[in-house]
Amino acid sequence: MRVLGVDPGLTRCGVGVVEGVAGRPLTMCGVGVVRTPADAELGLRLVAVEQGIEQWLDEYEPEYVAVERVFSQHNVRTVMGTAQASAVAMLCAARRGIPVALHTPSEVKAAVTGSGRADKAQVGAMVTRLLRLSAPPRPADAADALALAICHIWRAPAQNRLQQAAVRIGPDRAVAQNRLQQAAAAHAARTSQQASKGRTA
């Protein structure tokens with residue numbers, strides 16, 4: 001499975017491609033950021049983000065795109081820019097028929113570090129360890145993009161199985177969806193712990 005992780009942002013949009021399957025060592029294929037000038041017109045900045053993501057899709061041909069789910073923050077202007085960049089990433093993937101998955105920051109942190117409250121330094125350290133890199137990716141947006149891709153690879157198998165079960169259950173979709181999220185989070189946490197033990201052994 002090859003996943004493009006996107007940490008959306010207007011000034012810096014983190015992008016990272018990871019390949020592998022749950023339970024086995026993962027490989028980083030590429031990592032970087034798509035940058036836009038803060039003083040440019042909004043429309044032009046969104047075009048630049050689109051062009052940057054399209055280049056990554058062309059070069060790495062991912063099977064899935066994982067994007068950070070945007071949550072409301074105190075800084076409305078910042079969250080608006082993040083949401084707009086997120087929408088551009090989803091549009092680029094959808095236009096090519098690539099499935100898109102949204103993961104919350106806490107889901108990503110829990111999957112990679114085992115704690116949904118981990119800070120950026122901890123996420124960067126675990127990404128470096130899991131992908132066997134010589135140093136944490138810089139800037140932090142790039143490391144977060146790789147963490148998104150790792151999270152999706154680890155969560156996807158459990159999510160797929162439970163989504164199939166939810167379809168069969170029918171009326172109890174809400175309950176099934178809740179169980180899906182809980183089971184996927186537990187699966188990702190176990191995978192993270194196993195991977196961490198494997199690196200320290």
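So, Val67: its bridge partner in strand E5 is Leu102. E5 covers residues 100-103, and strand E4, residues 64-68, pairs with E5 in the parallel sense over 4 bridges. For the terms: strands pair if DSSP finds at least two bridges between them, and helices (H or I, at least four residues) and strands (E, at least two) are DSSP runs, numbered from the N terminus.

Quick housekeeping: this is a predicted model, where local features need pLDDT of at least 70 and side-chain atom pairs count only at pLDDT 80 or more, while totals for chains, interfaces and linings use all residues. Residues are numbered from 1 along each chain as its sequence is written, and side-chain values use heavy atoms, with hydrogens and water left out.

Staying with E5, Ala101 and His103 make up the covered face, while Val100 and Leu102 sit on the uncovered one.

Okay, zooming out. The protein chain has 6 helices and 5 strands, and from the N terminus on they run β-β-β-α-β-α-β-α-α-α-α. There are 201 residues, and 42% of them count as buried; buried means under 20% relative accessible area, exposed over 50%, partly exposed in between, with a 1.4 Å probe and protein chains only. Take contacts, meaning heavy atoms within 4.5 Å, between residues at least 6 apart in sequence: 65% of those join residues at least 24 apart.

Now helix H1, residues 42-60, which is where Glu54 is found. Is Glu54 buried or exposed? Buried, with a relative accessible area of 15%. Its side chain makes a polar contact with the side chain of Arg96, at 2.5 Å. (A polar contact is a pair of N or O atoms within 3.5 Å; within protein, one must be able to donate a hydrogen and the other to accept it, and residues adjacent in sequence count only if both atoms are side-chain atoms.) Not counting residues up to four places away in sequence, Glu54 touches Cys92, Arg95 and Arg96.

About Cys92: it counts as buried, at 0% relative accessibility, and Cys151 is buried at 0% too. How many disulfides are there? With a disulfide taken as a pair of cysteine sulfur atoms within 2.5 Å, the count is 0. For Cys92, the closest cysteine sulfur is in Cys13, and at 9.4 Å that's too far for a bond.

H1 also holds Trp56 and Tyr60, 4 residues apart, so about one helical turn separates them. The count of aromatic pairs comes to 1. Trp56 and Tyr60 have ring centres 5.1 Å apart and planes at 25°, so the pair is stacked. The rule there: rings of Phe, Tyr and Trp (its six-membered ring) pair if their centres lie within 6.5 Å, and planes under 30 degrees apart count as stacked, over 60 as edge-to-face and the rest as tilted. Trp56 and Tyr60 are both buried.

Next, helix H4, residues 120-130. Asp119 caps its N-terminal end, with a side-chain oxygen 3.2 Å from the backbone nitrogen of Ala121. The buried residues of H4 include Val123, Met126, Val127 and Leu130. After the helix comes Arg132, whose phi is positive, near 60°.

Last stop, Met1, in the segment before strand E1. Met1 is partly exposed, at 26% relative accessible area. Met1 and Pro62 are 61 residues apart in sequence, yet 8.0 Å apart in space, C-alpha to C-alpha. Leaving aside neighbours within four places in sequence, the contacts of Met1 include Val18, Tyr64 and Ile153.
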